[in-house]
Each structure stands twice: as structure tokens, then as C-alpha cells.
Amino acid sequence: MTAIDELKLDPEEARRVRQERFERIGRWVLPLAIMILAIWLWDRICVWNAIPQYILPRPGVVLSTLYNDAGLLFSALLVTLRITFLSLVLAVIGGVGLAVLFAQSKWVEMSFFPFAIVLQVTPIVAIFPLINIYVDNQTTKLLLCAWIVAFFPILSNTTLGLNSVDRNLRDLFKLNGATRWQQLRYLRLPAAMPYFLGGLKIAGGLSLIGAVVAEFVAGTTGQSSGLASRIIEAGYRLNAPRLFAALFLISLTGILIFLVLSLISHLILRRWHESALKQER
Amino acid sequence: MIREKVAQAPALDVAPTLLALRGVGKVFSNGVTALSDVDLTIREGDFLSLLGPSGCGKSTALRLIAGLSTPTSGVLDWRGGGSLDRANIGFVFQEPTLLPWASVFDNVWLPLRLKGISRAKAAPAITEMLARVHLTGFEHAVPRELSGGMKMRVSIARAMVTKPRVLLMDEPFAALDEITRFKLNDDLLELWQDERFTVVFVTHSVFESVFLSNRVVVMAARPGRVFDELAIKASYPRDEAFRTSPDYAALCRQASDVLVNAINSTAGAHHDGH
């Protein structure tokens, strides 16, 4: 909107244009400013109160630790990421697979959905000792843990999506003599896509949480250990800067996973789904 | 009145029977009698409208004909026996009912795709059909980029792409504005005259049924039943001149009177019943 355009507008519209512009800028500037202010305040509090580094390190120290310990931290991050992505992939396969199975018959869904809910509502930390007894392989343990946490939103959302197909479209497929497989492939799976992608966004974050929690309770140590073990180690050694650096990495990873999955979702849905339309306007 | 071609309308009267409904009734599991003892003969090439108030079972009748539902009593007799292959039925719903993620082209491809015909093989038929409904150039658009009228055109193209012998339409233009509806009525008639398929058209609009059909079957509610039938003898093609002609007005008046009687008969039955 240029100034010339504004001249032609009546006061009400001009006000609206101004407000929209403020909102557009404010959406980015405001959170950023608050974030910078918070970090600055954090730094000041450390200085003003002379807080020792092993209790609360200054932001600059955390940053330099991130740089100095990069080798250690990033190799740990890779280990955690591997578990995260593998479990997310398994959650997608398991969640969608089960949802498709559930969609075949109301009876199957009614019979087996309670099991999924039981798995979902029982805290993973409480289940872990059992997994520890039954499973030997360390990676398998972690994967199983992260999977249990991550698969439910995908299963639940995809099931909802597969069952939310327009009645008339179902009739249309029936009229044209579509097979069960054709109906699934050309109608129900595409219709469930927005629901699935919604579940995927949630599961992405959960699989990271699942992976970190699993590492915590598994208490993995040694070279092939993930970020959680680095945090535990750092905690024992009162190495607060490294603890903060590891935490920072974990949340950054979580944000990145969310953004990537949001982007994928937007790219897939942008042409047809309501949820993606608003962003275009 | 209108241009010649008078021969066409009478010809329909002697056309062979395509489908006969004999004593057809439908009772839903909740005890509602949707249709009761319906006798109706549909002839080859008919443009038959089912006209009636809501709840008179017009849509139920259409679903029975489509084979989407089975009658509780009576028979549907397709040309003296057997049921018509589903490939020979096209269905247009009240809503456009398109796949929102698929392009216009792929939406029209769907019935052929379900029969295992590849995109390339189906392409000529799809392109031709899209031209027939005046949608050339919109092949790659997705439904949400189209207006309501255009979506309905896609829906009609999809129903017609298999070259069905019967086109069933369930209040297809009810949600459209009048200008769009008139245009679609004209285009539908044009298509029908070229191909001479049979149409069963459900509507609650007197004007639409009279404009389009050679037969208007008026239905009454509670229970859903055939109340009366009107032959619309006006010749085809029918166009804007017909729409504003005194003949059309008189026919609408006639149909409207029958419809009022049908509604009143229901009101009477309603009072008697309680």
C-alpha cells in the first residue's frame, strides 16, 4: 500500500490500512523485542546479583559453551535426532497403518481403539521399567518409547479423517462400482490428509520429547549417548553453561521440526484445503 | 410459439419403456414411510421431473433408481427385467460433490479411473465433455477456484463422461442464483437434446420442472407418493422466448395448482392421522 493509495481512502479505510500494516510488522518485531529484552534482563540479573556461573550462567557464556562444546553437543544431538526421526517414521507407519485397519470396519475400531488409548494415557516413564526388562537392544528401547508417545495423535487424527468423508462422495464411488481399495486410495486417504498432517505436527514434537525422555529413563551413557545424557552429566558436574546449551539445542530442534512439518503441510494443502487458504490472503 | 421441431415432443410419448416402478415402497428402520406404492413408468429419452414438497420422497425415489438403496416393497423393472448396469447411470447431487484436492480434469476423470481407464486414454472423452459444459480452459483449476455454477458444470461433466443412458439429478441447481440456474437449465437441455439420454430430475421448483421436462410427476408427502402427472407438450428446443411466453406461464400455473393440491392433500392426511 503506497501513500498515494491512502490519499484516496476515506478515514475509516485509511485507519484499517494503517492497522494492518502495524499488525504485519508487529507480528515479527514484538516477539523479537520481548525475546531480546528477556535475554538482556537475564544477563543483567546475573551481573547485578553476581550469580555464580554454576547456578545461572550469563547468555554469552551459554553461547560460547555452545561453540566450544560443539563437537560433544552436536554428536549427541545427532544421536537424539536419529531416534526422533526413526520413531516419527515408525509412528507414521504405525499410526496410518492402524488407522487404515480401523477404517475397514467399525468393529475393528471399537475393539482395538481402547488399547491405543491405554498406551497413550499411561505415562511413558512408568512403562519404561517394563520395556527395560523385555527389550535388550538399547536403540530398540528408545525407539519403542518414543514411538508410544508419538503414534497416538497420528492414529487418532487419521482415523477421524478416514471417517470424515462426504456421504455423497461415498455414494458416488459406490455408484461407479469402486472397490474397497479404490475408495481408500482415491477418496478416504486424500480426504484424511489434512487430519493426518495435523496429527503429524503434534507427533513431530512428541517424538522429540519421547526420545529425550527415553534417554533420561534409560540413563544411557558413553559415546553413543544423546542430548539427555549430556544434560544429566552436566547436571552432576554442575556444568550449568553446558546444561543450558543442551537445553537450547533441544528446543531449537523442536522448533525446527515443527516448522519443517508445518511447511510440508502447507505445501501439500495449499491448493485446496481451508486451513491453508487463510495464509494466502 | 417457438421454432419448429414439434415432432420431438410427441415422439417421446411412444418411446419404449426404460424403467417401470411397480408398487414401490420404502420404509426406513425408524418407521418413517418415505415412499408408498409408487407406480411410475420412465420412457427412453424422457426428461422427467419429480416435483414436490420436502419430505415427499423424491430423493428417496432417485436413490432407489440409482441402486443406492433397495425398496421395501415393489419392483424396479428395467426394460422388462434385470437391473441396469451402474455404468449406465450418471448421478448429480444437490451439492457439486467434487474431490476438493483434484483438478477439474481429474474430477471428471474419476468415473473412468474407477473403471481402470488411464488418464491418457480418458483424455479425449474428458476434454470433449468439458467443452460440452463450457469449461474448456479450466482443466487445471481445483474446485475452490470455481464459482458455484462452474462446480455444478464439473459435476454434470463427471456424470456424463461415461455416456450414461440415464442421468439422475437431485435438486442440482437449488443452491444457485437465478441467472446461473437459467444458464445451466439451457445448457442441460442442449446437452439432452444432442444426446437423447433419459433424465430424472428432482426439484421443488415449479418453474424449473416445467421449463425442462416433457413430464412433471407431482409427489405428495406423508407418505411419499405420486400425486399426479402433467405432460408438458411444449416443443423443444426451449429457450429464453419460451421462458417468457404465455404458454409457459399457463403451464406453470397448471403445475402450481397441482402442487398446491398435493400439499393440501398431505395437510388433510396429517390432520386425519392425529
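Predicted model: local features only at pLDDT ≥ 70, side-chain atom pairs only at ≥ 80, totals over all residues.

Colleague: How many residues does the contact take from chain B and from chain A?

Modeller: Residues count as being in contact if their C-beta atoms lie within 7 Å. Here, chain A contributes 14 residues and chain B contributes 15 residues. On the side of chain B that touches chain A, strand E5 (89-92) and helix H3 (104-114) of chain B each give two or more residues. That side of chain B comprises 11 nonpolar, 1 polar and 3 charged residues.

Colleague: Which domains does the assignment give for chain B?

Modeller: Chain B is assigned domain 1 (8-84 + 166-273) and domain 2 (96-164). The C-alpha centres of these two domains of chain B are 26 Å apart. Their contact draws 12 residues from domain 1 of chain B and 9 residues from domain 2 of chain B.

Colleague: Which element gives the largest share of the side of domain 1 of chain B that touches domain 2 of chain B?

Modeller: H6(B) does, with 5 residues. By class, this side of domain 1 of chain B has 9 nonpolar, 1 polar and 2 charged residues.

Colleague: Why is Arg82(A) described as partly exposed?

Modeller: A residue is buried at 20 or more other C-beta atoms within 10 Å, and exposed at 12 or fewer. Arg82(A) has 16 such atoms within 10 Å, and is therefore partly exposed. Arg82(A) belongs to helix H4 (residues 70-104) of chain A.

Definitions and conventions:
Residues numbered from 1 in each chain as written. Chains lettered and ligands numbered in written order. Contact = placed C-beta atoms within 7 Å. Helix = DSSP H or I, 4+ residues; strand = E, 2+ residues; numbered from the N terminus. Nonpolar A, V, L, I, M, F, W, Y, C, P; charged D, E, K, R; others polar. Domains from an automatic or database assignment.
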